[in-house]
Amino acid sequence: MSFTYNKKDACCRWCNRTENPHPDYNETIPTKIFISTKKREIELCLYCYEEEVKFSKRNTTNFNDVLDQRYEILNSIQLQRS
Ligand SMILES: [Zn+2]
């Protein structure tokens, strides 16, 4: 799994981080764009990706399906706020 480092506009879709949380690194957060089952392009940081992999394994759910589920939950939360 290769993540992109130092991508200028890197932004995690889940946690909204843009910078590496590690204090020794002054750089943008490593991210990778994943394509969900419903063909959504979802940019995730390394940390959120690992969490989702663990989650999908625990629930024996397909990783790409988890992306859609999470995306739809996040979207409905945002709609309720606005
Ligand atoms: Zn993240």
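How many Å should the 13 residues of α1 span at 1.5 Å a residue, and how far apart are its end C-alpha atoms? The 13 residues should span 18 Å, and the end C-alpha atoms lie 19 Å apart, which agrees. The expected span is 1.5 Å times one less than the number of residues in the helix.

The model is predicted: local features need pLDDT of at least 70, side-chain atom pairs count only at pLDDT 80 or more, and totals for chains, interfaces and linings use all residues. Residues are numbered from 1 along each chain as its sequence is written.

View 1. The chain has two helices and two strands. Helices (H or I, at least four residues) and strands (E, at least two) are DSSP runs, numbered from the N terminus. The C-alpha trace spans about 35 × 35 × 20 Å along its principal axes. Of the 82 residues in the chain, 13% are buried. Buried means that 20 or more other C-beta atoms lie within 10 Å of the residue's own; exposed means 12 or fewer, and partly exposed falls in between, with C-beta atoms placed from the backbone. Take contacts in the chain between residues at least 6 apart in sequence: 48% of them join residues at least 24 apart. A contact is a pair of residues whose C-beta atoms, placed from the backbone, lie within 7 Å.

**View 2. Strands β1 and β2 pair in the antiparallel sense.** Strand β1 covers residues 31-35. Strand β2 covers residues 41-45. Five bridges join the two. Strands count as paired if DSSP finds at least two bridges between them. I35 stands opposite E41 in β2. In a regular strand the side chains alternate between the two faces of the sheet.

**View 3. K39 sits in the loop between β1 and β2.** The hairpin has five residues between its strands. K39 has a positive phi near 65°, and K39 is not a glycine. Most residues other than glycine have a negative phi. K39 is exposed, because 8 other C-beta atoms lie within 10 Å.

**View 4. Eight residues form the largest nonpolar core.** They are A10, C12, I29, I42, L44, C45, Y49 and L67. Strand β2 gives the largest share of this core, three residues. A nonpolar core is a set of buried Ala, Val, Leu, Ile, Met, Phe, Trp, Tyr and Cys residues joined through C-beta atoms within 7 Å.

**View 5. E52 lies in helix α1, residues 46-58.** Is E52 buried or exposed? E52 is buried, because 20 other C-beta atoms lie within 10 Å. Beyond its neighbours within four places in sequence, E52 is in contact with F63 and V66. E52 and N64 are 12 residues apart in sequence, and their C-alpha atoms are 9.6 Å apart. Just after α1, T60 takes a positive phi of about 40°.

**View 6. E27 lies in the segment before β1.** E27 counts as partly exposed, because it has 13 C-beta neighbours inside 10 Å. Which residues does E27 touch, not counting residues up to four places away in sequence? E27 touches Y5, N6 and N20. F63 is 36 residues from E27 in sequence and 28 Å from E27 in space, C-alpha to C-alpha.

**View 7. T4 also has its place in the segment before β1.** T4 is partly exposed, because 13 other C-beta atoms lie within 10 Å. T4 touches P30, T31 and K32, with residues up to four places away in sequence left out. T4 and V66 are 62 residues apart in sequence, and 22 Å separates their C-alpha atoms.

**View 8. N16 has a positive phi of about 65°.** N16 is not a glycine. The place of N16 is in the segment before β1. N16 is exposed, because 8 other C-beta atoms lie within 10 Å.

Conventions
Two residues are in contact if their C-beta atoms, placed from the backbone, lie within 7 Å.
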